[in-house]
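Me: I would like to learn how to read cores and sheets in a model. Can we work through one together?

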Amino acid sequence: MPHPRRFLGAIIPVIAVCLWLVPGLVRADYRFGFQRPVTDAAEKLLELHNLILLACLGVFVIVFGVVLYSVIAHRKGRGYKAARFHDNLVLEIAWAAIPFVIVIGMAVPSTMTLLELSDAGGPDMTVKITAYQWKWKYEYPEYDIGFFSSLATPRAQLDNQAAKGAHYLLEVDNAVVLPVDRKIRIVLTAADVIHSWWVPALGVKQDAVPGFIVETRVRIDEPGTYRGQCAELCGLGHGYMPIVVEAVSQEDFGKWVGQRKSKPAVAPPVATAGSRGGP
Amino acid sequence: MATKHSSAHPGGVGRWLSTVNHKDVGSLHLWFAGAMFFVGGALALVIRAELFQPGTQWLDPLFFNQLASLHALIMIFGVVVPAYLGLASWQIPLMIGAPDMALPRLNAWGFWLLPFAFVLLLAGLLLPGPNGPPATGWTLYPPLVLQGGAGTDFAVLALELVSISAVIGAMNVAATVLNLRAPGMALTRAPFFAWAWLVTALMLLAVTPVLAGAGALLLADRHLGTQFFDAAGGGDPRLWQHLFWFFGHPATYILILPAFGIASQIIPTFARKPLFGRVSMMYATVAIALLALISWGSHMYVAGLPLAGRLFFMFTAMLIAVPMGVVVFNWVATIWRGSLSFETPMLFALAFVLVFTLGGMSGLMLALAPLNIQYHDSYFVVAHFHTMLAAGALFAVLGGVYYWLPKWTGRMYDERLGRWHFWLSLLGFGLAFLPQHFLGLAGMPRRIPDYALAFAEFNMLSTVGAFILGLAQILFLVMVARTIRGGRRAEDRVWEGAEGLEWTLSSPPPYHSFTSPPKLR
């Protein structure tokens, strides 16, 4: 029988590490759920998520509670004698009926949300996104604008040579600028491998597949800067191709279009970690 | 034909190289799975150490991707599947009163493919840069996988070997359970572990050849100039996803059904009460298998499936929650009003039931096509499948080893060591993987070597948890070594509440057992 002190020897360093972590962990600004939604779609997803999460936690708490009660009350150590039942047709039908009802209860709002999100009515404008290893190209066919957008975080921050900025790994040289309150058709494709355009606050994630064009819609409710990342593993720069959406009023969007038009169609790549092909 | 079996067999290394005995082949599988578990676990700790803080610590991103891919391939194909096969080879003949597996030589061949497969897979590490192991994750999506070098070919060939091994193992289990049950043991009365493995075997036979075939297409694309997966030549990268997930989605259930079997042996033993609703359990496992075969698209919601496709795969994937519910509620009903005691196997089995319920819930959430927009390819997915595998399958296998080790060795393990191992594993699991749910919901993509500052705290916790979980497994190794070197003598019926043919044999059982069929009560 090993002496408990030997285990204490192993546990104490673990406890020490935990204590050392505590100050940072207590100060931290935790986020346990979705980012604040700024589109109708993201809002619907958040509502659905809250509903489903509540139902799932409810089921888990009930199962856990029953097992816990049994573990406390039905112990051999307290002299509890085992019952011998092992079949009950009514109960077993209920075992299937209960999850079936829960599944239907989840399938109905999910289907409705999916149908609402799939509404492909006429868009007000189109943005074409082409994914590259490891940057995004944004084109506005109606305005004859196009540019690349790649990671702007300086290399030194990646290598721990400089203090990391507030938007470490989530900042780009050229943000994609979109007007609020306009239904925007996003057309996605990729030049090399599969990527995925994910901006959580917009409730949009769509794979960009080389050789194919996939569409999605977005309508942003309020101006602001929304950040996301490539979600499909696309090679060594996968962690280094962020997405920054600048949502602006339609007035400001008009001004931005005017400014952009006087610039070259495709901005020359800026030397950052992202455009040099990742670290 | 001579049917007299000699109990004489070569000793030393010769025994292990030449054996076709189900107990020896089972041990080989289990030792192999154990060794790979520590290799795959070490890779996980290297990855978690890199992710302890934001910034690049010491892993270059390409190498990070390669290690993550190796970790997944090793844990799935080198640990969980061989461990299940080892438990099957050891236990199924003992539990159904058979002298051996139906096809003993195939059993040995199935095992001996594995060391070659994993030497081949790991050999990629000797090649530099992009020629090393695949950097694509275990899903090997083209066109990215087409950019890989020789190490990618090694990995695909290793998967072909593993596929052959899995098909051989599955055939053998199916043939054994269907044909070698003791006279009078109806299939519906067979131990639930044997039934769950039979369903698993049939699933493996249905889908593993598809993986092997898809792997061959991939190699053809890489070397023979075909264009199955390359749009430039008229192919479709998503064809691979369909083929892969036709295998991969059922594979997620293949990785958990034998765990159902293990838990369903352990829980009645320590509840001193028969398994509740065994017939509905059997129907439920079959329903899970059938639904799993038609819901692969639930991994492709954001890949551009048409609306009708997303709806179909959402409904089929969600429906799996119904038989899953039957299984979980049956376990709870088995526990209910039992006479419970909490030896280490029972601790692991109870924890398995709870983490499986937790993972089942996140799995159900992932099945919802609209919400998948936010969950897909995020850390929520990582948290979900690690709950199912790094806690679920792992806890079930560990529970099974604690449960049967006294039977195999004839010696009792150290209960106190077992409890330390259990509680540290549970603590490590919780710290490592619960925070990953929140990371995913907050927007952290999976498979990234570095992350934004908002994700720093939970990643730190996760790394601490991963190290606790990893280091706790050293206790497991110590426990096994001490048990083999000499624990207290185990009785034939090791556990007071144990029922079944394996407990009628001596501990350890003779080298050849049930050479004549046992009489059932």
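Reply: Start with contacts. Two residues are in contact if their C-beta atoms, placed from the backbone, lie within 7 Å. Keep in mind that this is a predicted model.

Me: Which residues does B:A263 touch, leaving out those up to four places away in sequence?

Reply: B:A263 touches B:W331, B:A349, B:F352, B:V353 and B:A396.

Me: How do I go from such contacts to a core? How many residues does the largest nonpolar core have?

Reply: A nonpolar core joins buried residues of nonpolar kinds through C-beta atoms within 7 Å. Here the largest one has 257 residues. B:A263 and B:F352 have the most contacts inside it.

Me: Which helix gives the most to this core?

Reply: Helix α3 of chain B, residues 61-96. That helix supplies 22 residues.

Me: How do I read a sheet in chain A? In what order do its five strands come?

Reply: The order is β3-β2-β1-β5-β8 in an open sheet with mixed pairing. Strands β3 (145-149) and β8 (214-218) of chain A are the edges, each pairing on one side only. On average, neighbouring strands are turned by 20° against each other, direction ignored.

Me: How many bridges join β2 to β3 in chain A?

Reply: Five. Strand β2 covers residues 135-140, and the two strands run antiparallel. For a residue-level view, A:Y140 stands opposite A:I145 in β3(A).

Note on methods
Residues are numbered from 1 along each chain as its sequence is written. Chains are lettered from A and ligands numbered from 1 in the order in which they are written. This is a predicted model: local features need pLDDT of at least 70, side-chain atom pairs count only at pLDDT 80 or more; totals for chains, interfaces and linings use all residues. A residue is buried if 20 or more other C-beta atoms lie within 10 Å of its own, exposed if 12 or fewer, and partly exposed in between; C-beta atoms are placed from the backbone. Helices (H or I, at least four residues) and strands (E, at least two) are DSSP runs, numbered from the N terminus. Two strands pair if DSSP finds at least two bridges between them. Axes are lines fitted to C-alpha atoms, for helices over the stretch in contact, and angles run from 0 to 180 degrees between N-to-C directions.
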